[in-house]
Amino acid sequence: MASSSTNKEKNVEEVAKNLISLIQKTLEPTNEPSSSNVAVNLPRPVPSVASEMQSPANVTPKADEDLRHSQAGLGLKVISLDEDASHQQISQELIMEFPKLQILKGSWMFYKATGGGGQRKLTVVSPQADGYTTPYLKRASNGGKITLYIAPIQGELDITPLEKNAAEFMSCEIKEMDKSDVECVDLDEKPNAKILTRKTTSKEVNSTPQPTSKKVLCPICDQLFDLDKVEFHASFCVESICGDDDNKAQGSDKIFESAPSTSENWKNAKDPKRAISLFNKELLKSNSSKPANSFTFDLRTGPEEQDRSYVSFYKSNGVEWASPLACTLAGDAAVGLGVNRHVMSTLMNKLRSGFHINVGHGPVTKIFDGQSDHLVPSNSAMMLEGELFLMAGRMLGHCFLYGGPGFPGLSPAIKHVLSGGSIETATVVVEDCPDLDLRDTIDLLKKTDLKEEERQNLVKLCLAWDLPLPTKDNIKCLHEKLLLHAVLGRASKQIKQIRKGLKETGIWPLLCERDDVVKLFFPSEVDAEITAEMILSPIQWPIPSTDSDSDDEDDCSVEEITRTCDYLKTYVNQASSEKRKSLLKFWVGWEVPQTRLTVKVQRGQFPRSMTCMDTIKLPSHYKTYQEFEKDLDAVIATFDTGFGLP
């Protein structure tokens with residue numbers, strides 16, 4: 001065991017505290033010979049392994065050393081870590097699980113093993129400026145799988161064997177475990193590095209009797225679930241990885257059971273985004289046991305058939321829209337959360353651009369008309385009769401319920417009425433009138449000297465809408481009434497249908513009681529823009545490997561990683577808001593800014609993405625920014641065609 005140099009002392013507090021930020025609470029230790037390891041479960045519900053060593057070291061402990069560490073209460077433990085746990089909280093949890101660490105006062109380092117089996121070389125996991133954060137350790141440990149070793153910077157830990165009833169063993173059931181409870185798997189990113197993972201048992205997943213239905217692996221977290229529940233679980237699996245405090249359970253039956261014990265609710269939450277999150281979780285929780293709504297979208301068909309599938313699904317009556325959602329892209333192998341996001345993003349685009357169906361107004365039917373930030377429901381009797389506005393309300397509410405993008409550009413007057421306000425109290429401006437002829441006729445009232453033809457046009461309009469004829473005394477009042485009727489009066493039935501659709505999805509109480517939420521659901525065009533900061537700030541950048549002995553073919557040099565990351569930063573900074581939205585759609589499935597994004601640089605031909613993991617994989621072969629930009633432009637343009645880029 002090599003002793004630490006004096007220089008290391010300067011990093012003691014920073015490094016060890018960061019190291020501690022990995023570990024929270026012991027789930028269950030094991031009696032494997034490598035029990036000097038501390039198994040750490042990161043936000044993803046898959047155990048990872050870390051080894052705790054008595055003194056500073058350059059190699060992993062031997063088997064006999066592992067055994068002594070285990071007897072001393074420093075053995076393998078599976079520990080779960082909150083994504084947003086503070087350094088102080090994690091330090092307390094670590095000391096609670098390993099009381100012997102108190103004497104070190106945070107003087108710890110994190111290492112990971114390289115190579116194959118047996119005694120292996122250790123490489124330090126360098127801390128960030130703010131220490132070992134959970135996202136940082138999640139990447140370093142391959143999502144909580146790779147073995148992480150905890151070693152003191154200097155000095156040694158007491159490895160005197162403890163009594164069986166010692167505090168270190170209070171949460172352990174070593175005697176009740178056997179080797180069948182542990183399996184050894186190879187890591188994707190380090191083929192020769194091996195980890196131990198606890199096999200899930202019926203006691204761990206659910207206290208109720210296990211169903212006899214077929215079990216399948218979740219494609220996100222590799223845990224077993226009932227065949228009829230795995231799709232719903234996968235929809236939320238990644239959200240729990242990315243810091244969803246309420247979704248830490250390993251089974252779909254427990255997705256909502258870990259809600260924080262607090263008096264905070266969606267009505268009194270100060271942050272409107274937090275209010276939306278609380279409301280949606282509460283509503284989805286109450287419907288989580290209901291049969292899932294299955295929607296299939298065939299990418300192999302033309303635009304008309306694809307749009308008919310959307311219209312058919314959302315025109316269905318008697319649907320519990322808050323039930324679990326399972327979207328499938330026929331003709332594409334993609335599954336999980338990314339597909340649901342793709343569908344929701346497409347819905348919002350269709351509501352703005354129109355559906356390829358003909359109801360008497362041409363090949364494309366637009367639900368909303370007008371100019372930017374003044375969109376109003378289309379004035380169409382055929383669309384009203386076909387209940388297309390009811391369909392639009394269901395689409396909007398369904399998308400909002402699942403955290404999808406807002407619907408930008410709507411007229412403030414329409415927002416006011418949709419959220420429960422009355423027509424009489426709405427503020428209407430002339431830009432809200434999409435009919436330019438009507439707009440010109442109404443604006444004639446602003447003129448002091450009208451021609452006879454202009455006066456006749458005004459009279460006809462007033463008679464048609466059962467309003468008083470213009471006089472010198474009522475010009476201002478008449479102008480307001482004409483404008484109000486042109487925008488809201490003629491659209492009152494459309495608004496009622498949209499509002500009915502919103503109510504059916506269950507989102508209506510939130511819209512009525514939280515005005516600040518309405519602004520997020522229906523933002524202005526400016527507020528809906530995606531800035532470079534929204535993308536660059538949450539990115540978890542790749543960490544270049546300093547291990548010269550690594551034989552991973554996907555490992556890239558520090559120069560390649562740095563150059564590729566710089567290209568991405570340049571791309572995001574120079575791109576327009578629309579292009580940034582397209583990048584987000586390719587990256588995560590929709591244009592909603594995320595709290596965390598991951599970048600990986602590896603060998604490959606084209607940029608790729610894992611939408612369920614909020615991860616983009618960039619090839620390392622680019623030598624110029626122009627080549628990088630050309631390929632990234634090409635791949636983000638494939639969003640509408642699905643996920644099939646090889």
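View A. Thr441 touches Asn457, Leu458 and Leu461, where residues up to four places away in sequence are not counted and a contact means heavy atoms within 4.5 Å. The residue belongs to helix H13, which covers residues 436-443; helices here are DSSP runs of H or I with at least four residues, strands are runs of E with at least two, and both are numbered from the N terminus. Thr441 is buried, with a relative accessible area of 17%, on a scale in which buried means under 20% relative accessible area, exposed means over 50%, and partly exposed lies in between (1.4 Å probe, protein chains only). The model is a predicted one, in which local features need pLDDT of at least 70 and side-chain atom pairs count only at pLDDT 80 or more, whereas totals for chains, interfaces and linings use all residues. Residues are numbered from 1 along each chain as its sequence is written, and side-chain values use heavy atoms, with hydrogens and water left out.

**View B. The whole protein as the setting for the close-ups.** The protein contains 22 helices and 19 strands, and 53% of its 646 residues count as buried. Among contacts with a separation of 6 or more, 69% are made by residues 24 or more positions apart. The accessible surface amounts to about 29800 Å², with 50% of it belonging to carbon and sulfur atoms; these areas come from the Shrake-Rupley method with a 1.4 Å probe, and for residues only the protein chains shown count as cover.

View C. An unreviewed UniProt entry lists Cys612 under "active site"; UniProt positions are given in the numbering used here, feature names are shortened, and annotations may be inferred rather than shown by experiment. Cys612 is found in the loop between strand S18 (608-610) and strand S19 (615-619), and the residue is buried, with a relative accessible area of 8%. The hairpin of S18 and S19 has four residues between the strands, and Asp614 takes a positive phi near 55 degrees there.

**View D. The open sheet that includes S18 and S19.** Four strands form an open sheet in the order S16-S17-S19-S18, with mixed pairing, where two strands pair if DSSP finds at least two bridges between them. Strand S16 (539-540) and S18 are the edge strands, each pairing on one side only. Strand S17 (residues 597-602) runs parallel to S19 and is joined to S19 by five bridges; the bridge partner of Thr598 in S19 is Thr615, and that of Gln602 is Pro619. S18 and S19, by contrast, pair in the antiparallel sense over three bridges, and Arg608 has Lys617 as its bridge partner in S19. S19 is mostly covered, with four of its five residues buried. Helix H21 (residues 577-588) lies across S16, S17, S18 and S19 and runs at about 75 degrees to S17; axes are lines fitted to C-alpha atoms, for helices over the stretch in contact, and angles run from 0 to 180 degrees between N-to-C directions.

**View E. Salt bridges between side chains.** The structure holds 14 salt bridges, each defined as a side-chain nitrogen of Lys or Arg within 4 Å of a carboxyl oxygen of Asp or Glu. One of them joins the side chains of Glu525 and Arg352 (3.0 Å, N to O). Because Glu525 lies in the loop between helix H18 (515-521) and helix H19 (532-536), while Arg352 lies in helix H9 (residues 337-353), this pair ties together parts that are 173 residues apart in sequence. Arg352 counts as partly exposed, at 32% relative accessibility.

Another salt bridge joins Arg394 and Glu504 (2.6 Å, N to O). Arg394 is in helix H11 (residues 388-401) and Glu504 in helix H16 (residues 492-505), so the pair ties together parts that are 110 residues apart in sequence. Arg394 counts as buried at 2% relative accessibility, whereas Glu504 counts as partly exposed at 31%.

**View F. Asp298 and Ala330.** Asp298 lies in strand S12 (residues 293-298) and counts as partly exposed, at 24% relative accessibility. Asp298 touches Gln306 and Ala330, residues up to four places away in sequence being left out. Asp298 and Ala330 are 32 residues apart in sequence, and their C-alpha atoms are 4.4 Å apart in space.
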